[in-house]
Amino acid sequence: MSQIKTREEIELMKVSGKVAAKALKKILENIKPGVKAIELDTLAKEVMEAEGATASFPTVEDYKWATCITFNEQVVHGIPTQRELKDGDIVSIDTGALYKGYHSDMAITFPVGKISQETEKFLKVGEKALDLAISKAKAGNTIGDVSQALQETIEGAGYSIVKNLTGHGIGTELHEEPMVPGFGKAGIGPKIKEGMTLAIEAIYAQKSGKVYLEDDGWTITTQDGSLGGLFEKTIVVTKGGPIVLTPYL
């Protein structure tokens with residue numbers, strides 16, 4: 001579980017990332033009112049298996065789905081169910097592929113049908129925060145540089161970081177060191193080195209950022225019922241800067 005990956009390991013993670021991205025793209029093409037969450041999960045499994053990979057998430061104990069799917073005020077780890085997507089919902093799709101022993105992890109929060117301008121802004125801020133955070137994932141910087149970029153962008157727009165959920169290292173395990181919090185100060189934390197592979201996440205809420213665990217034992221939801229947002233990409237740190245292994249589209 002080395003934090004520094006070899007060239008050969010990175011090549012395998014590139015394939016894993018492309019498979020996850022292809023699965024997510026297939027899901028996004030099918031997001032519309034009336035579609036059930038479990039149907040989207042099935043699509044992800046089918047794409048991964050067709051590409052010679054499997055889903056990463058069933059490597060987590062007691063989890064058997066290829067995706068986590070959350071709605072509106074839910075933030076992360078939602079179990080795909082028979083729940084139907086409705087016009088005006090926002091839905092977070094979190095997925096990852098396992099290819100020849102190497103994981104990828106990615107997520108996006110996506111609108112279903114027409115959403116308000118306020119909700120559109122909420123989603124754009126999450127995407128912006130993730131992009132800025134990724135730009136800080138350079139050799140010689142620290143995890144704190146990445147974390148501060150997430151926090152400043154999210155809080156600067158008037159939203160809140162969900163502080164008890166974090167990004168993470170990734171490789172032969174879905175979750176590896178170092179942890180990558182959504183809050184922090186530049187210049188602190190572990191040094192970022194060439195060859196590191198990180199799953200960087202913007203996990204945030206429209207209002208307070210306080211969350212609770214739902215009765216299903218998985219889904220984490222905002223306490224105040226405000227919207228939750230989730231954007232995540234897996235990256236590799238190279239001499240020339242960070243490279244995204246899981247492009248959205």
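The model is a predicted one, in which local features need pLDDT of at least 70 and side-chain atom pairs count only at pLDDT 80 or more, while totals for chains, interfaces and linings use all residues. Residues are numbered from 1 along each chain as its sequence is written, and side-chain values use heavy atoms, with hydrogens and water left out.

Thr-109 is found in strand β7; strands (E, at least two residues) and helices (H or I, at least four) are DSSP runs numbered from the N terminus. The side chain of Thr-109 forms a polar contact of 2.7 Å with the side chain of Ser-92, and it also reaches the backbone nitrogen of Leu-230 at 2.8 Å. A polar contact here is a pair of N or O atoms within 3.5 Å; within protein, one must be able to donate a hydrogen and the other to accept it, and residues adjacent in sequence count only if both atoms are side-chain atoms. Not counting residues up to four places away in sequence, Thr-109 touches Ile-90, Val-91, Ser-92, Leu-123, Gly-228, Gly-229, Leu-230 and Phe-231, where contact means heavy atoms within 4.5 Å.

Thr-109 is also one of the residues that line the second largest pocket, together with others including Phe-110, Leu-123 and Phe-231. At least two residues of that lining come from each of β7 (106-111) and α3 (117-135). For the largest pocket, the residues nearest the centre are Cys-68, His-77, Asp-94, Asp-105 and His-175, out of a lining of 18 residues, and the elements that give two or more residues to this lining are β11 (197-205) and β14 (228-238). A pocket is an open set of points on a 1 Å grid over the protein atoms alone, where a 1.4 Å probe fits, with protein on both sides within 12 Å along at least five of seven lines; lining residues have an atom within 4 Å of a point. Grid points are joined across faces, edges and corners, and a volume is the space filled by probe spheres set on the points. In the composition of the linings, Ala, Val, Leu, Ile, Met, Phe, Trp, Tyr, Cys and Pro count as nonpolar, Asp, Glu, Lys and Arg as charged, and the others, Gly among them, as polar.

| Pocket | Volume | Lining residues by class |
|---|---|---|
| Largest pocket | about 300 Å³ | 10 nonpolar, four polar and four charged |
| Second largest pocket | about 190 Å³ | eight nonpolar, one polar and three charged |

Elsewhere, Ser-160 in strand β8 (residues 160-161) is buried, with a relative accessible area of 16%, and a polar atom of the Ser-160 side chain lies 2.3 Å from the backbone oxygen of Lys-207.

Most residues other than glycine have a negative phi, and most peptide bonds are trans. Asn-72, in the loop between β2 (67-71) and β3 (74-76), has a positive phi near 55° and is buried, at 15% relative accessible area. Lys-100, in the loop between β5 (97-99) and β6 (102-103), has a positive phi near 50°, but Lys-100 counts as exposed at 63% relative accessibility. A cis peptide bond, with omega about 0°, joins Glu-177 and Pro-178, and Pro-178 is placed in strand β10 (residues 176-180).

Conventions:
Buried < 20%, exposed > 50% of the residue type's maximum accessible area, 1.4 Å probe, protein only.
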